[in-house]
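Here are my notes on the model you sent. They go point by point, from the overall fold to local details.

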Amino acid sequence: MMADQENENKRGEIIAVSSAKGGVGKTIIATNLALALKKKNVEVALIDGEFQFGDIGLALDIQPSFTIKDLSEEIDRIDEHNVTNYMTRHESGVHVLSAPDRPEFAELITTEVIQKSLQALTKNFDYIVVDAGHGIKDSTIDFIEAADRVIAVTTLEVSSLKNTKLLIETIHQLELQDKLNLVVNRYNMESLIKPDEVPSMLRISEADYIPNNFKMAAQSMNLGIPLVTSRTKSDISKSIFKMAEGIISNQGGSRLGNKPSIIGKMFSKK
Ligand SMILES: Nc1ncnc2c1ncn2[C@@H]1O[C@H](COP(=O)(O)OP(=O)(O)O)[C@@H](O)[C@H]1O
Ligand SMILES: [Mg+2]
């Protein structure tokens with residue numbers, strides 16, 4: 001049913017949601033984005049790429065029978081026909097490839113496992129959303145390199161902005177900047193830095209903005225029910241649906257190139 005027999009060349013779009021630091025909203029964004037895309041009548045996979053301490057099981061209230069660790073043990077036999085056996089179907093219809101259930105298993109998930117999994121998944125799904133984990137570790141780079149679209153998530157906190165700048169510089173060094181999108185999460189939180197200053201600060205021409213609503217975000221995580229399901233009219237959900245629209249209509253990417261503002265220059269000082 002899932003493997004598209006009619007179209008051998010079917011190839012899904014890989015969207016890697018990354019960040020410099022943890023705690024900026026990657027898991028919430030990846031999870032809600034996957035569910036928002038699913039509502040568009042497309043097939044969606046969600047990979048928990050935070051291999052040590054993956055939270056997607058919590059965010060979606062699912063108990064996986066298998067994880068990417070099980071898949072890694074059979075890596076020589078993995079193909080588009082059996083990859084979905086290792087996934088958990090969420091009631092939304094999104095298929096989840098879960099993170100290992102213990103942190104020490106994270107190191108078993110090699111570049112080969114990541115590449116083969118993605119290759120097999122792109123044959124089954126229209127969109128593969130990855131919570132690519134934070135920082136610049138091997139697995140994050142593997143996801144960023146394989147992705148068609150990389151979403152870098154930041155907040156307005158100075159440390160988040162400083163480190164996002166370094167992450168973006170690394171993405172430039174890898175010459176992957178053309179697929180980079182910026183998301184400013186919790187953009188209306190109290191901060192000395194104005195949200196609309198952030199793109200130029202990070203030398204990106206545009207960003208998507210997600211509002212701050214701590215109570216709603218925390219409650220959704222506690223219940224394991226994403227906001228795009230339970231609170232479709234909430235401000236957070238609206239901005240996630242807008243992101244999904246942009247992805248479906250294939251906007252974004254190549255958003256770099258704006259001249260940095262004064263503050264941007266301040267931040268770009270070597
Ligand atoms: N838009 C938001 N408004 C308010 N709180 C948020 C928002 N996005 C995320 N949070 C909160 O920030 C914390 C980290 O979010 P999470 O998605 O787990 O981040 P990450 O995956 O980057 O570590 C959680 O407590 C979450 O409820
Ligand atoms: Mg997370």
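1. The protein chain holds 11 helices and eight strands. This is a predicted model, so read every value below as computed from predicted coordinates. Of the 270 residues in the protein chain, 45% are buried.

2. Start with the ligand site. Ligand 1 is surrounded by 19 residues. The closest are Gly25, Lys26, Thr27, Ile28 and Ala217. Two helices, H1 (26-38) and H8 (214-223), each supply at least two residues of this shell. Which element gives the largest share of the shell? That is H8, with four residues.

3. Eight of its residues are nonpolar, eight are polar and three are charged.

4. Next, a helix pair. Two packed helices are described by the angle between their axes and the distance between the axes. For helix H4 (residues 111-122) and helix H5 (residues 138-146), the axes come within 10 Å. They cross at roughly 30 degrees. Angles under 35 degrees count as roughly parallel, and H4 and H5 are therefore roughly parallel to each other. Their crossing is right-handed.

5. Which residues make the contact between H4 and H5? From H4 come Thr111, Ile114, Gln115 and Leu118. From H5 come Asp138, Ser139, Asp142, Phe143 and Ala146. By class, the residues of this contact are four nonpolar, three polar and two charged.

6. Now the backbone. Most residues other than glycine have a negative phi. Arg186 is not a glycine, yet its phi is positive, about 55 degrees. Arg186 sits in the loop between strand S7 (180-185) and helix H7 (198-201). Is Arg186 buried or exposed? It has 24 C-beta neighbours inside 10 Å, so Arg186 counts as buried. The cut-off for buried is 20 or more.

7. Arg203 also needs a look. Its phi is positive, about 55 degrees, although Arg203 is not a glycine. Arg203 is in the loop between H7 and strand S8 (208-210). Why does Arg203 count as buried? Because Arg203 has 22 C-beta neighbours inside 10 Å.

Key:
Residues numbered from 1 in each chain as written. Chains lettered and ligands numbered in written order. Predicted model: local features only at pLDDT ≥ 70, side-chain atom pairs only at ≥ 80, totals over all residues. Near = placed C-beta within 6 Å. Nonpolar A, V, L, I, M, F, W, Y, C, P; charged D, E, K, R; others polar. Axes fitted to C-alpha atoms, helices over the stretch in contact; angles between N-to-C directions. Parallel < 35°, antiparallel > 145°, perpendicular 65-115°, else oblique. Left-handed = near helix turned anticlockwise from the far one by under 90°. Contact = placed C-beta atoms within 7 Å. Buried ≥ 20, exposed ≤ 12 C-beta atoms within 10 Å, placed from the backbone.
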